[in-house]
Amino acid sequence: MLLEPSELKGWLDKQKIKRSINKLQVHHTAAPNYTTRQVVNGVAKQDVWKCLEGMRTFHLSQGWAGTGQNITVLEDGRIAISLDRDLNKTPAGIKGANTGALCIEIIGNFDQGGDTMAAIQKQAVVHLYACLALKLNIPIDTSHIVYHAWYTSSGAWLGDYERGESSKTCPGTNFFGDGNTRSAAERGFIPALKAELKRITEGDGDPMTPEEKKQMDELKATVESQAKWIAAQKAKENMECPKWAEEAYDYYSQYIADKTGSYEFWRQLVIIYRKENGIKIHS
């Protein structure tokens, strides 16, 4: 199942989670990646279903019961929910450390010299983890949002990336532009998730859809147009004598306190002036 980021929170709110989940794993796929998927500006040429089914087939060949991850984030920001590994099923993300965890795979190879995460994918990743943390009541810190690289090959907790000890570099030595260490996560990824959670809980919730943004832009344009019209009308209520009324003003100036008045005042003054002086517009 594929979801747009704007659909995610609404979908999550409806899900009934029966198992205890207290950790969110962070992974990159390494392969498939932007090269194998032929990604250009965040859009892949390879069919998305071929990509997802390819991962599932590979995982089955490893003797797993289905797709290893619960959720996959694509380069274009769409979020794939594994139907054969739903949220209520324990993932096969980190050998020996999957109980109580949710596995999220991010398409790409984010090791140094690999892929640079597209902005739209980065935004979707941040939104996904913030929504999951809110739904599952998981603290946003490096004890609960965990990188694969912080574990050994047997699933023992290292608490950080240690070359030669960590099972993998996953989610990449240049993940999020910072790296795969705990300090890197605390410097970039974790603060981004906290900011997004704050936006969701205190702001407008989900990001606007393209249709909603279009409607908002149209509404703003209408309001601005109305504001200009109102300002113009107010200006007419107390305006300096316009050029077309100067002759009438000069004629009656000794009877007028000052040279300001409403548009309607100046109009009536001109009409009276013309009538009194026999000036006809139409014969």
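**Exercise 1.** Determine which element gives the most to the lining of the largest pocket.

*Solution.* In this predicted model, the largest pocket has a volume of about 490 Å³. Its lining consists of 26 residues, and those closest to the centre are Trp 64, Gly 93, Glu 105, His 148 and Lys 168. The elements that contribute two or more residues to this lining are strand S2 (23-28), helix H2 (48-61) and strand S7 (101-106). The greatest contribution comes from H2, with four residues.

**Exercise 2.** State how the residues of the lining of the largest pocket divide into nonpolar, polar and charged.

*Solution.* The lining of the largest pocket holds 10 nonpolar residues, 13 polar residues and three charged residues.

**Exercise 3.** Describe how helix H3 and helix H4 pack, and name the residues that make the contact.

*Solution.* Begin with the geometry: helix H3 (residues 119-136) packs with helix H4 (residues 182-202) at an angle of about 65°, and their axes are 8 Å apart. Angles of 65 to 115 degrees count as roughly perpendicular, and H3 and H4 are therefore roughly perpendicular to each other. The crossing in which H3 passes H4 is right-handed.

Next, identify the residues. H3 makes the contact through Val 125, Val 126, His 127, Tyr 129, Ala 130, Cys 131 and Leu 134. From H4 come Phe 189, Ala 192, Leu 193, Glu 196, Leu 197, Arg 199, Ile 200 and Thr 201.

Finally, sort the contact of H3 with H4 by class: 11 residues are nonpolar, two are polar and two are charged.

Terms used:
Residues numbered from 1 in each chain as written. Predicted model: local features only at pLDDT ≥ 70, side-chain atom pairs only at ≥ 80, totals over all residues. Heavy atoms only, no water. 1 Å grid on protein atoms, 1.4 Å probe; cavity = no way out; pocket = protein on both sides within 12 Å on 5 of 7 lines; lining within 4 Å. Points joined across faces, edges and corners; volume = space filled by probe spheres on them. Nonpolar A, V, L, I, M, F, W, Y, C, P; charged D, E, K, R; others polar. Axes fitted to C-alpha atoms, helices over the stretch in contact; angles between N-to-C directions. Parallel < 35°, antiparallel > 145°, perpendicular 65-115°, else oblique. Left-handed = near helix turned anticlockwise from the far one by under 90°. Contact = heavy atoms within 4.5 Å.
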